[in-house]
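Subject: Structure handover

Hello,

Here is the structure we talked about handing over. Please open it beside this message and follow along.

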Amino acid sequence: MSSTVFYPSSPKESLAALYVGKSLHDVPTPAVVMDVAAARRNCQRMLDACQTLGVSWRAHVKTHKTEELTQLQVGTDVERPVNLVVSTLSEAEFLLPLLKEYRSQGRAVNVLYGLPISRNALGRLAAVARALGEGSISVLLDDPAQLSILSGFRGLSGVTPRALMKVDMGGRRAGVIVESSRFNEVAEAAVAAHERGEIILSGLYSHAGQSYAGDSRVAALKMMGAEIGAMLEGADRVVAMAKGLSVPLPSLVLSGGASPTALSIQNLVVQSGGQDANQPAEVRAEAAALSQIFETVKQHGHITEIHAGVYPTLDLQQLAAHSISSSRLSWRDIALTVLAEIHSVYPGRGENGKSEALMGAGGLALGREFCKAYDGFAMVTPWGRPGVEMPKGDVEEHEGWICGRFSQEHGILTWGGGNKSSAAGLAKGDDHAGKTAPTPRAPPVVDELRVGQVVRLWPNHACITSSHFGWYFVVDSDREGREDEIVDCWMKARGW
């Protein structure tokens, strides 16, 4: 049975009646805020880049789990297919009315379940397939035993599932390494199941989660090239294997991306007159190499597909990855923030006699996620703090209030940041080209917080942070003078 029965969404009409038209200062805290203007920009940039480069696009919905942001991710072009990745079956079930609407408009719809298929998922996934029809469901394979699970899928749904082999790029989370004998075992089982008509073997899929550790455009481009290159090698081997068995296959899709690597393809679309027009030589070289890999995929008869999830909202981890230029990946592009109220202030309790403050947002509101750029769990934005401006440097150089430590419901704000030099990036020779290591600064003037003040925080990892909330308070920063006015409440899928 669909999880929407057991995990119903929050009541949109009631929330909208209470809060639409009001200010962010009027909402209960902790609360999560979505700036639709920033999300809209981020989504359009990705759609434009994929269209310009002639690569396919698949949107991951796990970060936000909403209909509204899904619509921004897939765009309004009826000629563009609606290809999604879901991390939970509840996301597919929650989005089913929207997906049926897209099908009625003539748009092709395909939902990929983002975990290697399990027997427990079969019934609910089959129900989604029955509702959407042929071609609507894709699954991941990384174990030959999974083919016996899929053998009954068509009988349950009337739909032949498309299957992609999951490739391990070194993250050791899911997938098989292309060079391994295990890859051959999975491929042989998949080709045999394809010949029996139990699946349509449609491609390979990778997720280079380790790309979050990168710190430059060059690093992100290299990893994207490694992803596509590995899948190209694997796809060629699968095609040769199938040809040797006289089993015809469709053109194989090579689907690669985590947000840092997916964002990196925007480096291939240089904007004249902007910062991107003056890319360092190392970035241009890696961009050219990735373009050549895309071309090779096409020459071999395969299809390049890009996928990503956190790119619409962004977060501090994404800023720290520096996968594209700051003209398209900066503080103002972070769409998801958290509101919290100051409960207590502790003058002189902190390091070097600085103050600390207690806020009503801890691990359950922010998530226990780190960011390599600084020692904390979230950064306080300038919002609601008179005289405080938006940061001008990289996330590594930021000084200000951060969530330095927390417990379940409490967060301790400390004065920090600015303690991780961007000098490491100088050695990379690209994003930090022309910069010098930060010079010592005079002790900062700490803008004091007060009891009852509401602050707004940039989280480290938007996927984890947003998962703790039932809905978003939506604002639109493009509405000059009304940036804090709530324009909508977006409901989320819940459960698994």
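This is a predicted model: local features need pLDDT of at least 70, side-chain atom pairs count only at pLDDT 80 or more; totals for chains, interfaces and linings use all residues.

The barrel. Eight strands form a closed barrel in the order β2-β3-β4-β5-β6-β7-β8-β9, and their pairing is parallel. On average, neighbouring strands of this sheet are turned by 30° against each other, direction ignored. One of the pairs is β7 (residues 200-206) with β8 (residues 253-256), joined in parallel by 3 bridges. Tyr205 has Ser255 of β8 opposite it. On the helical side, α9 (residues 181-195) lies across β5 (137-141), β6 (162-167) and β7, and runs at about 150° to β7.

The largest pocket. Its space comes to about 1000 Å³. The lining has 44 residues, and the closest to the pocket centre are His60, Lys62, Lys65, Ser87 and Cys463. By class, the lining divides into 18 nonpolar, 18 polar and 8 charged residues. Three elements, β4 (109-116), β9 (303-308) and α16 (462-466), each supply at least two lining residues. The largest share is from β4, with 4 residues. Both β4 and β9 are also strands of the barrel described above.

Strand β1. With β16 (residues 471-475) the pairing is parallel, through 3 bridges, and Val33 is partnered by Phe473. Both kinds of pairing work through backbone hydrogen bonds between strands of a sheet.

Gln408. This residue is in the loop between β13 (399-406) and β14 (411-417). Is Gln408 buried or exposed? It counts as exposed because its relative accessibility is 52%, and the cut-off for exposed is over 50%. Leaving aside residues up to four places away in sequence, Gln408 touches Gly362, Gly363 and Leu364. Pro8 is 400 residues from Gln408 along the chain, and the C-alpha atoms of the two are separated by 25 Å.

Regards

Key:
Residues are numbered from 1 along each chain as its sequence is written. Side-chain values use heavy atoms; hydrogens and water are left out. On a 1 Å grid over the protein atoms alone, a cavity is a set of points where a 1.4 Å probe fits but cannot get out, and a pocket is an open set with protein on both sides within 12 Å along at least five of seven lines; lining residues have an atom within 4 Å of a point. Grid points are joined across faces, edges and corners, and a volume is the space filled by probe spheres set on the points. Ala, Val, Leu, Ile, Met, Phe, Trp, Tyr, Cys and Pro count as nonpolar, Asp, Glu, Lys and Arg as charged, and the others, Gly among them, as polar. Two strands pair if DSSP finds at least two bridges between them. Axes are lines fitted to C-alpha atoms, for helices over the stretch in contact, and angles run from 0 to 180 degrees between N-to-C directions. Contact means heavy atoms within 4.5 Å. Buried means under 20% relative accessible area, exposed over 50%, partly exposed in between (1.4 Å probe, protein chains only).
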